[in-house]
Amino acid sequence: MRRERLTHERRLTIVNAMLLFVILTVILQLWLLTASVNAYLGGDTSVTLPAALVSLVCLAFNLGLLRYLYRFE
């Protein structure tokens, strides 16, 4: 099978979708930071570790998208 190259419009659509995922993930991380700091200042320390782990998962997702973008070109 011959693999066809993607057109410029299709590449732009894929990159825009990736940018949307990055923006949503960063907004999620900001919400997690706000919620965990608010809970910590309120005396609830049980939220900080799960929020940090979810934030690391979001970071890994964004790094995976960046790696895919570099390999995509």
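Author: The protein has a radius of gyration of 17 Å, whereas a compact globule of 73 residues would have one near 11 Å. Please bear in mind that this is a predicted model.

Reader: What box do the C-alpha atoms of the protein fill along the principal axes?

Author: Taken along those axes, the box is roughly 60 × 20 × 15 Å.

Reader: How many helices and how many strands does the protein have?

Author: There are 2 helices and 0 strands. Helix α1 comprises residues 8-41, and helix α2 comprises residues 48-72.

Reader: How do the residues of the contact of α1 with α2 divide into nonpolar, polar and charged?

Author: The contact of α1 with α2 contains 18 nonpolar residues, 6 polar ones and 1 charged residue.

Reader: What share of the contacts in the protein with a separation of 6 or more comes from residues 24 or more positions apart?

Author: Such residues account for 69% of those contacts. Ser55 lies in helix α2, and Ser55 and Gln29 are 26 residues apart in sequence but 5.8 Å apart in space, C-alpha to C-alpha. Leaving aside neighbours within four places in sequence, Ser55 is in contact with Gln29 and Leu32.

Reader: Is Asn62 buried or exposed?

Author: A residue counts as buried when its relative accessible area is under 20%. The relative accessibility of Asn62 is 15%, so Asn62 counts as buried. Asn62 has its place in helix α2. Beyond its neighbours within four places in sequence, Asn62 is in contact with Val22, Thr25, Val26 and Gln29. In the protein as a whole, 15% of the 73 residues count as buried.

Reader: Where is Phe61 placed, and which residues does Phe61 touch?

Author: Phe61 is in helix α2. When residues up to four places away in sequence are not counted, Phe61 touches Phe21 and Thr25. The C-alpha atoms of Phe61 and Thr25 are 8.4 Å apart in space, although the two residues are 36 residues apart in sequence. With a relative accessible area of 39%, Phe61 is partly exposed.

Reader: What distance in space separates Thr48 and Leu19?

Author: Separation in sequence and distance in space are to be read as two values. Thr48 and Leu19 are 29 residues apart in sequence and 28 Å apart in space, C-alpha to C-alpha. Thr48 lies in helix α2. The residues that Thr48 touches, not counting those up to four places away in sequence, are Ser36 and Tyr40. Thr48 is partly exposed, as its relative accessible area is 31%.

Note on methods. Residues are numbered from 1 along each chain as its sequence is written. This is a predicted model: local features need pLDDT of at least 70, side-chain atom pairs count only at pLDDT 80 or more; totals for chains, interfaces and linings use all residues. Side-chain values use heavy atoms; hydrogens and water are left out. Helices (H or I, at least four residues) and strands (E, at least two) are DSSP runs, numbered from the N terminus. Buried means under 20% relative accessible area, exposed over 50%, partly exposed in between (1.4 Å probe, protein chains only). Contact means heavy atoms within 4.5 Å. Axes are lines fitted to C-alpha atoms, for helices over the stretch in contact, and angles run from 0 to 180 degrees between N-to-C directions. Ala, Val, Leu, Ile, Met, Phe, Trp, Tyr, Cys and Pro count as nonpolar, Asp, Glu, Lys and Arg as charged, and the others, Gly among them, as polar. The radius of gyration is taken over C-alpha atoms; the globule rule is 2.2 Å times the number of residues to the power 0.38.
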